Amino acid sequence: MYPLIDPWSSEDIVDYKKLIESFGMEPFDPMGLTDMPPVMRRGYVVGQRGFRYIRDAILKHERFAMLTGLMPSGKMHFGHKMVIDQVIYYQRMEGDIFIAVADIEAYATRDMNLRTAREIAVEEYVKGYIALGLNPNKCEIYFQSERNEVKDLAWILGRNTNLTTLRAIYGFEDSTNLAHVISPLIQVGDILHVQLEKYGGPRPTIVPVGLDQDPHIRFTRDVAMAARLYSVQETKNGLGVFLKGHWSKSCAKDLLKKAEKKLLDVGYADIDIDIPYRALYIYSGDDPYRVMQHLADIETDMGTYGFLPPSATYHRFMRGLMGGKMSSSKPESAIFLSDDINEAKSKIMRAYTGGRTTAQEQRRYGGVPEKCNVFEMMLVHLVLDDNELDEIYNSCRDGTMLCGQCKKIAAQHLETFLSEFQERKASIDVKDVEACVTRVYSFK
Ligand code: TRP
Ligand code: SF4
């Protein structure tokens, strides 16, 4: 089963490399894609599952979807911006963009009422996304509580899992409230509903999230595959496609023949069918995902879903300015996008750095930008120019720049960023935001 991490706890996760390995993720790299935001190109997105399918879709201009979700609790800070920067990137890469406002999850796990969640989401988050550069006319932002397909899938796909599994993944207890128990299935509904016909059909789907969300991702991948008609697996000599469920001989034959025809059409060779065993073997096949992709249409024609397991990328968490985790419940740990500019600048001036105890020591040994919260802010958010960042890094390391001066540079960037952001946000009409969260965008 899964190693137990609790997506609802606030514990800091530190050893990213080890974590990625032990979870069986792959490390993230841009795989030849360009034009990524700092969070992606400067190593803040650390892990991934199945990112190559998204990379391929982008390079070949094929359709893909992106979905992520945010709980509308508290105020928007730079940790949230990290996700939205990625969303905007995928929007530029012409993905079909979906953002879930996780109001049911906030209700179930954070004691937040649905009306307040809606108000916070519209005023603080969705407005903020648009002010950060998200094009509201080319994306779909919705509330879990208002989307029946999401809730229906939670209900229907619930048949493919059970309480023992949920307990093993999330550590639920006898006293856990049932809305909380169901909330992972709601998230499954979020992620998979974008592959329903109405929302664009089966296609590669990327879910950019924080590392703490991996239990949800793996759970979703398992449930997606369990809901398929054909199970595609690696075998000793290639790939095996196995029919799930109980089929009469003639139905089985028909389904396997259909699969064979489709696979031959798209260029696979060397296919054998074994009807009594309800199996099809592809000796030339190498990637189960590609085969699942080709067979998806047959499944949707049959009235089943044909979901592809979602891909995901995982970003690490920004450290709090005063150490610990950046969190909306600790105002001094984070800079909020709505902070008064002078207040925000003074948070930078007070932040923990990787500097030495005395100026003299720092001149001699240099600072440690890797451990510095101010450097982290510049790396992920504030300094977009790579040369400028290099220069800051080097003059910190070689002791030519001291923290006071460096913090002033950071504070200056912060001021420019926040004043532009706040001005844009103030100019957004709430009616446009309402229009965006109520209409259903057509990605056809
Ligand atoms: N569980 C996520 C959080 O705690 C929010 C969320 C809900 C989500 N649905 C999602 C994230 C779908 C990614 C995909 O922040
Ligand atoms: Fe951080 Fe800048 Fe000080 Fe280096 S000089 S430790 S980057 S604040």
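Trainee: How do the residues of the shell around ligand 2 divide into nonpolar, polar and charged?
Mentor: Six are nonpolar (Ala, Val, Leu, Ile, Met, Phe, Trp, Tyr, Cys or Pro), four polar (the others, Gly among them) and none charged (Asp, Glu, Lys or Arg), as counted for that shell. This is a predicted model, where local features need pLDDT of at least 70, side-chain atom pairs count only at pLDDT 80 or more, and totals for chains, interfaces and linings use all residues. Residues are numbered from 1 along each chain as written, chains are lettered from A and ligands numbered from 1 in written order, and side-chain values use heavy atoms, without hydrogens and water.

Trainee: Which residues surround ligand 2?
Mentor: Among them are Cys372, Cys396, Cys403 and Cys406, each with a heavy atom within 4 Å. Phe375, Met401 and Gln362 are also there, as are Thr353, Gly354 and Gly355.

Trainee: Helices now. At what angle do H9 and H10 pack?
Mentor: About 70 degrees, with the axes of H9 (residues 178–193) and H10 (residues 214–226) 9 Å apart. So H9 is roughly perpendicular to H10 (65 to 115 degrees).

Trainee: And H4 with H15, how do they cross?
Mentor: At roughly 30 degrees, their axes coming within 11 Å. H4 covers residues 78–92 and H15 residues 373–382. Therefore H4 is roughly parallel to H15 (under 35 degrees).

Trainee: What counts as a helix and an axis?
Mentor: A helix is a DSSP run (H or I) of at least four residues; its axis is a line fitted to C-alpha atoms over the stretch in contact, with angles from 0 to 180 degrees between N-to-C directions.

Technical notes:
Helices (H or I, at least four residues) and strands (E, at least two) are DSSP runs, numbered from the N terminus. Angles under 35 degrees count as roughly parallel, over 145 as roughly antiparallel, 65 to 115 as roughly perpendicular and the rest as oblique.
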